[in-house]
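Please walk me through this predicted model. Start with the chain and its confidence, then go to the local detail.

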Amino acid sequence: WRLAFLAGPNPCQVPQRSAREEFMTQRLTTKLVKELHRSKVREALEADECASEAEALLQLRALQLDHQGLEAIDGLEPFDRCEELYLDHNSIRIIQNLEFLRRLRVLSLSWNQIEFVGSSLVHLHDLRVLDLSHNNIEGAVVEGASGLPLSAALPRSLRVLDLRGNPCASASSPAAATAAAGELRRALVKALEFVQEVDGSAVGLEERRSVLGKEGLEKWGRGPAGRTHAIYIPLKAEFEYEVDRTVKFEFRTGDDLGELVPAFCVKHGVGHASDVEALLAEASALVNEKPAAQAEAATAARGSKLRPFAVGHNSGSSGSSGSSGGGSG
C-alpha cells in the first residue's frame with residue numbers, strides 16, 4: 001500500500017483541477033448514467049421487472065443528465081430504448097450521435113452552448129417535443145451551411161418546439177427581433193405539418209391559414225396532420241309532416257366552415273340564423289380544440305331547431321372532406 005498522493009503525479013509539479021473544474025468536463029458514459037439512475041434501477045429490480053442491474057439500466061425509458069458539465073453527446077448507444085432524454089444546463093455545442101435513439105419522443109437541450117443543430121434530429125421520426133431554448137443557434141444546420149434552413153434539420157413529427165433565447169429569433173433592436181422571430185415561426189409552421197406549439201405559443205388554425213393560404217390549408221387538412229371531425233345533430237320536428245331525426249355533419253380540419261355550415265343547414269332545413277351561427281361556433285371550437293366552457297357557451301346560444309350536439313373526431317386522412325350525411329334517429 002502507498003499513500004494516495006505518492007501513487008500519482010507530484011501535486012507540486014502538475015496543476016490540479018478543482019473538483020468543480022473536473023465536474024465541468026465530464027464525458028457522457030454508461031458509468032455516469034448508472035450513477036445518476038441508481039434509484040430507478042433499484043426500483044426495477046425490487047419490482048422484479050428485470051433479472052439484473054445491467055438489464056434494468058439498459059431498459060431505462062427516461063435519462064436525466066442535466067447539470068453534468070457535458071461537452072458532447074456520445075456514449076448513449078446502449079440506451080436505444082430511451083424515450084425521454086434531458087440534457088439541460090450542460091456545455092454541449094452541437095447535436096450529434098442521436099440517430100440510433102429511434103424511440104425518442106422528448107429531447108430537452110436548453111441552456112447549453114449549441115451553435116449548430118446538426119443532422120441527427122431528422123432521423124428521429126417519433127420525436128414529439130424538442131426544447132432548444134437558451135442556446136447560441138443562429139440558424140445554420142451545420143457549420144458552413146448558412147443557406148440550409150433550420151427547419152430542414154428538424155423531424156416532421158414535432159409537436160412542440162422551443163427556440164426562445166437563441167440568436168436566430170433575436171436581432172439588434174426589438175422591432176427587428178420581432179420580425180426575425182415572426183419570419184422564423186412562419187417558416188417552421190410551414191415546414192412542420194404536425195407542430196402545435198412554437199416558443200410557448202400555440203399554432204392555431206388561423207395562423208396556419210395565414211401561412212399556407214386557403215388552398216394550402218385545405219391540402220394540409222386532408223393530409224396526415226389533419227383530422228376528420230363529426231357532429232351528430234338531433235333535429236326537432238317543427239311541422240306535422242316532419243319527424244325527429246339525427247343528421248351527421250362531417251368535415252376535415254382545413255375545410256372552409258364558412259361555406260360548409262350554411263350549405264349543410266340549407267340541405268337539412270335548418271333555417272334559423274342563430275342555429276347556423278351556433279353550428280359554426282361548435283364546429284370551429286371542435287377544430288381548434290377550445291376549452292369545453294367555450295363549446296358549452298356555443299351550445300347555449302342555439303335556437304329552437306337544434307338540440308345538443310354529440311361531437312367526435314378521428315385522426316387520419318381517410319374520410320369524406322366536408323361531407324354530410326343523414327340517418328334516422
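The paragraphs below go from the whole chain to single residues.

This is a predicted model, in which local features need pLDDT of at least 70, side-chain atom pairs count only at pLDDT 80 or more, and totals for chains, interfaces and linings use all residues. Residues are numbered from 1 along each chain as its sequence is written, and side-chain values use heavy atoms, with hydrogens and water left out.

Begin with the overall build. The protein chain has 10 helices and 11 strands. Both are DSSP runs, numbered from the N terminus: helices are H or I with at least four residues, strands are E with at least two. Of the 329 residues in the protein chain, 37% are buried. Buried means under 20% relative accessible area, exposed means over 50%, and partly exposed lies in between (1.4 Å probe, protein chains only). The protein chain exposes about 17,800 Å², and carbon and sulfur atoms supply 51% of that area. Accessible areas come from the Shrake-Rupley method with a 1.4 Å probe; for residues, only the protein chains shown count as cover. Now take the contacts in the protein chain with a separation of 6 or more: residues 24 or more positions apart account for 53% of them. A contact means heavy atoms within 4.5 Å.

Next comes confidence. pLDDT is the predictor's confidence in each residue, from 0 to 100. The protein chain averages 81, and 74% of the residues score at least 70. Strand β2 (residues 84–86) has the highest confidence, at 98, while helix α1 (residues 4–7) has the lowest, at a mean of 39. Over residues 1–23 the pLDDT stays under 50, and the model has eight contacts beyond four places in sequence for this stretch. Residues 290–295 are also below 50 in pLDDT, with three contacts in the model beyond near neighbours in sequence.

Now look at helix α8, which spans residues 257–267. Which of its residues are buried? They are Leu257, Val261, Phe264 and Cys265. These residues cover an arc of only 95° around the axis, which puts them on the same side of α8. The arc is that of the directions from the helix axis to the C-beta atoms. Val266 and Lys267 are exposed, on the face of α8 turned away from its buried side. The N-terminal end of α8 is capped by Asp256: a side-chain oxygen lies 3.0 Å from the backbone nitrogen of Gly258. The rule for a polar contact is a pair of N or O atoms within 3.5 Å; within protein, one must be able to donate a hydrogen and the other to accept it, and residues adjacent in sequence count only if both atoms are side-chain atoms. Just after α8, Gly269 takes a positive phi of about 70°.

The aromatic rings come next. Rings of Phe, Tyr and Trp (its six-membered ring) pair if their centres lie within 6.5 Å; planes under 30 degrees apart count as stacked, over 60 as edge-to-face and the rest as tilted. By this rule the count comes to three aromatic pairs. Phe239 and Tyr241 have ring centres 5.6 Å apart and planes at 5°, so this pair is stacked. Phe239 is partly exposed, at 47% relative accessible area. Tyr241 is exposed, at 68%. Phe249 and Phe264 have ring centres 4.8 Å apart and planes at 45°, so this pair is tilted. The pair links distant parts of the chain: Phe249 is in strand β9 (residues 245–252) and Phe264 in helix α8, 15 residues apart. Phe249 is buried, with a relative accessibility of 1%. Phe264 is buried too, with a relative accessible area of 4%. Together with Phe251, Phe249 and Phe264 form one aromatic cluster.

Two backbone angles deserve a look. His89 has a positive phi of about 55° although it is not a glycine. His89 sits in the loop between β2 and β3 (106–108) and is partly exposed, at 35% relative accessible area. Trp111 likewise has a positive phi of about 55° without being a glycine. Trp111 lies in the loop between β3 and β4 (129–131) and is partly exposed, at 45%.

Finish with helix α6 (residues 174–191), where Gly182 is found. Gly182 is partly exposed, at 30% relative accessible area. Gly182 and Ala169 are 13 residues apart in sequence and 8.2 Å apart in space, C-alpha to C-alpha. Glu183 is also in helix α6 and is exposed, at 61%.
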